[in-house]
Amino acid sequence: MILEITDRQKRTAFYPEGGGQEAEGGFINEFEVTDVIIKDEIIYHKVESDVKPGDTVHCKINFEKRYDHMQQHTGEHILSGVIENKFGYTNVGFHIGSEGMRVDYSGYLTDDELIAMEKEANDVIRKNIEIYQDYPDKNDTRLKDFRFKKELHGDIRIVDIRGVDCCACCGTHMKSTSEVGIIKIVSSSKYKNGIRLNVLCGDRALKYYNYMLHQSDNISQMISTNVLDLESGVRKLIDQKNELEREKKRVMEELIDYKCKELTKTNKRSIVVFENIDSKSLKKMASKLREMSDKDLFIFSETSGRTHYIFSSNTMDMKKMNEDFKEDFDAKGGGNSKSVSGSLRANKEDVIHWINKKLFD
Ligand SMILES: [Zn+2]
């Protein structure tokens, strides 16, 4: 049973979803808090529990998740502060997901500008600047100029990283910038009139680095190339692959020529089965054979688990034959009375047996 425990004084230890940050949950007694939301100034805890009004309970937040959110959220303040101070672009969208943090800005930044802003944000981290989080009184000068997206009323909670960023925010943050550890912009894209960044802070950045390193090491071993030379190593492999494909095409054309000459020497009707000739090459072969001879041809090729076929004849109605063939083998294909083509999933022996029966019975 899910109970909603309401908290009208807003004095809960559990962070309710809001301000781009999701709820972290935790436990009330031994029961898991699955969601915490705030609606009409009341905080609701969703928890599977038999807690009754007036019970004294023991609450435990998910601190690992809380600390991660504090790192991401504080990192966002630092980055948004340095970008706004330098370019005047404001943060117009923000979300911390389970994998990464997305931040949108009102103006576009080039790659070089992003690198410069990332460096400046990391310099702020190293300066270990104290972060103030309080509700200033009405005369406080910080209330005249702070960063926020909406019009605010009532008591305003200010998160102040002196000299870097001053923002109205209800989220959870570090006590000093050094606890963020590192800020890494991992990707960027144009978004509306500005830019969308995917950013990782603190432990998330380290995890990402370890994951990338693990992949790079594996690729490096697979292609026997130093991890720092992966780009040129992969480029070399792509060049080799392209060269092999060109060579395969050339050999295939030679094979088609050879096969066509062989086939025209044999009797009036031929059933031919190839291995691994793609449907494009098969069509090429059929068209060449039709130019060289007017004999009846039933050509098959098996590739990628599918059998491709081409039937061609000047004496029989191929369209009619194809209708019967499609019905018996659930094949897909079409054509005209002289030539048809298509593909199917079937045992090739069964197919050959079927053709022989049609031709010679
Ligand atoms: Zn914040």
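How many Å separate the centres of domain 1 and domain 3? I looked this up over C-alpha atoms and got 69 Å.

**Ground rules.** I am working with a predicted model, where local features need pLDDT of at least 70, side-chain atom pairs count only at pLDDT 80 or more, and totals for chains, interfaces and linings use all residues. Residues are numbered from 1 along each chain as its sequence is written.

**Domains.** I noted domain 1 (2-61), domain 2 (65-220) and domain 3 (259-360); the bounds come from an automatic or database domain assignment.

**Sheet.** Next I checked an open, antiparallel sheet of three strands, ordered E8-E9-E10. Strands (E, at least two residues) and helices (H or I, at least four) are DSSP runs numbered from the N terminus, and two strands pair if DSSP finds at least two bridges between them. E8 (131-134) and E10 (165-168) are the edge strands with a single partner each, so one side of each has no neighbour in the sheet. I found four bridges between E8 and E9 (residues 158-161); Tyr 132 has Asp 160 in E9 as its bridge partner.

**Core.** Then I turned to the largest nonpolar core, which has 31 residues. Such a core is a set of buried Ala, Val, Leu, Ile, Met, Phe, Trp, Tyr and Cys residues joined through C-beta atoms within 7 Å, buried meaning 20 or more other C-beta atoms within 10 Å of a residue's own, with C-beta atoms placed from the backbone. Ile 78, Leu 79, Val 82, Ala 121, Ile 183 and Val 199 touch the most other members. Apart from this core I found another, of 15 residues, including Ile 277 and Phe 311.

Terms used:
A residue is buried if 20 or more other C-beta atoms lie within 10 Å of its own, exposed if 12 or fewer, and partly exposed in between; C-beta atoms are placed from the backbone.
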